[in-house]
Amino acid sequence: MGKVCKHAGGDMCERCSWELPRDALLLVARGRTARTAVPVAVVVGTVLSLVNQGTVIVEGTADTGTWARVAVNYAVPFVVASIGFLLARRVRTDAADWPAYLAGYHDERPGITEAVLTRSVAGKHATPYSWLVQPLRDTEGPILDLACGSAPTRPLLAQARWFGVDASAGELALGASVGRGPLVRARADALPMGEDTIATVCSAMSLQVLTPLDAVLGEVQRVLRPGGVFVALVPSRLGIARGLFRWWRVMRVLGIRTQPWPNPQAQDGLAAILRAHGFVIDSDDRRVFRRAVTDRSEGALLVDSLYLPQIRQGRILAARRMLGNWARPGRWLPLPLRRVVAHLPDEVRTQQR
Ligand SMILES: C[S@@+](CC[C@H](N)C(=O)[O-])C[C@H]1O[C@@H](n2cnc3c(N)ncnc32)[C@H](O)[C@@H]1O
C-alpha cells in the first residue's frame, strides 16, 4: 500500500483509506479530505470568482445567479481535490490465494480452531467436538479425520483405529506434541490411502475452506468403504440468535458482511452437496454453541480465529480492541454450527465402478 498512516503508524488504516465507494463518501462526510481540499478550493475559487464575477460583485449588481456561480467556483475545486486525495488512498484487495493463505495462517496459529471450539458449549457439557463424534462412539474404524488440524477428535475416539490428515505442518506438530496420532501430512484432494480402506471420515470446520471441494469430496468417496459414514461439522448461518448484534459489530469493524470462505455453499447447503455426490443423508442438524469471551485475550483470540485474507491490519486491530473491551466474565458469543451425518450406499458405489 505504500503510504504511511498517522493513525496506525504503518499501512493506511480504515480512517484514511477506502475500498468501497460508500467508504469514500464517508471519508468526505467526515471531513478527512478537508485539509487537502479546502485550501485548493479557497485559492482556485477566489481566483475564478474574481476573474469571472469580480466586476459584477464590485459594481453591486450581483444577483442570486452570480452567487450560485461563485459557490460552484469553490465547490468544483473542492470536489476535484477530494477525488485526487481519495484516488491516492484507494485500497484494492487481490482475490485471496486460499491454499497459500491457509498454509501460512495455520502454521502461524496452530491449534487456534481447537482453542475456540473446546471452550464452546451447548447445554451443560457438549462441545462441538463431542457433538461431532457422538455418532462415531461405537465405530472401531479406521476413522479418518480429514483436515484434522491439531487432532482434537483423537482423545475423544481413543479406542478406535484413528488417523488424521492435514496439510499444515504446524498443526500436525502441535497434535503430535501432545501425543495424538498417527498423523499424516497430505492434501485433502489427494489422500494418501487406497480405495475402500476407511470405515468413517469425520471433518471439523474444514469443508468451507477445502479446495477444490468437488475433488475433496471425490477423495472422501474414493477412500470410504461401501456403506461408509461421513460426519462433518461446518459453520452455520448466524440467523436470529442472542449475541447476533455483537458479531454484527465485529463484522462491521472488519468491513465485511460474511466470512470470505471459498465454499460458503458448504455450510447450510452441505447436505444438498453431499447428496449430489451420491451420499445418503442420515441427519442434518444445527446447534448454537456459546463461546465464552471472559477477557481481553479471549476477544482477540476470537477475531484471530476468523479467516480474514483480504482485511487490512488496521481493521483487524480495531475489531480485536472492540471485542477485547467488551469482554467480561459471563459474556459469550453465539457459534452456530451444523452437523451432517451421511453414508455411502453400497449400490451407488458399485454402479460407479
Ligand atoms: C478450521 S481448521 C480445522 C482444524 C481441525 N479440524 C479442528 O477442528 O481444529 C481447517 C484445517 O484445514 C487444513 N487444511 C486447509 N486446506 C487443506 C488441504 N487442502 N488439505 C488438507 N488440510 C487442509 C488446515 O491446515 C486446518 O488445519
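## Domains, helix packing and ligand shell

The protein chain is divided into domain 1 (21-87) and domain 2 (98-352), with bounds that come from an automatic or database domain assignment. The centres of domain 1 and domain 2, taken over C-alpha atoms, are separated by 55 Å. This is a predicted model, in which local features need pLDDT of at least 70 and side-chain atom pairs count only at pLDDT 80 or more, while totals for chains, interfaces and linings use all residues. Residues are numbered from 1 along each chain as its sequence is written.

The helix pairs are set out below; helices (H or I, at least four residues) are DSSP runs numbered from the N terminus, and axes are lines fitted to C-alpha atoms over the stretch in contact, with angles running from 0 to 180 degrees between N-to-C directions.

| Pair | Angle | Axis separation |
|---|---|---|
| α2 (residues 34-59) and α3 (residues 64-87) | about 155° | 8 Å |
| α11 (residues 296-304) and α12 (residues 313-326) | about 140° | 7 Å |
| α9 (residues 244-254) and α12 | roughly 155° | within 8 Å |

Helices α2 and α3 pack at an angle of about 155°, which means that α2 is roughly antiparallel to α3, a label given to angles over 145 degrees. Their crossing is right-handed, that is, the near helix is turned clockwise from the far one by less than a right angle. The contact of α2 with α3 has 14 nonpolar, 8 polar and 1 charged residues, where Ala, Val, Leu, Ile, Met, Phe, Trp, Tyr, Cys and Pro count as nonpolar, Asp, Glu, Lys and Arg as charged, and the others, Gly among them, as polar.

The axes of α9 and α12 cross at roughly 155°, so α9 is roughly antiparallel to α12. This crossing is right-handed, and the contact (C-beta atoms, placed from the backbone, within 7 Å) involves R246, R249, V250, V253 and L254 of α9 together with residues of α12 including I316, A319 and W326. By class, the contact of α9 with α12 comprises 9 nonpolar, no polar and 3 charged residues.

Helix α11 packs on α12 at about 140°, and α11 is therefore oblique to α12. The crossing of α11 and α12 is right-handed; on the α11 side, R296, G299, A300, L302 and V303 make the contact, whose residues divide into 7 nonpolar, 2 polar and 2 charged.

Around the ligand there are 20 residues, of which T113, A147, G149, S168 and A204 come nearest; a residue is near a molecule if its C-beta atom, placed from the backbone, lies within 6 Å of it. The shell has 10 nonpolar, 6 polar and 4 charged residues, and α4 (98-108) and α5 (112-117) each supply at least two of its residues.

Conventions. Parallel < 35°, antiparallel > 145°, perpendicular 65-115°, else oblique. Contact = placed C-beta atoms within 7 Å.
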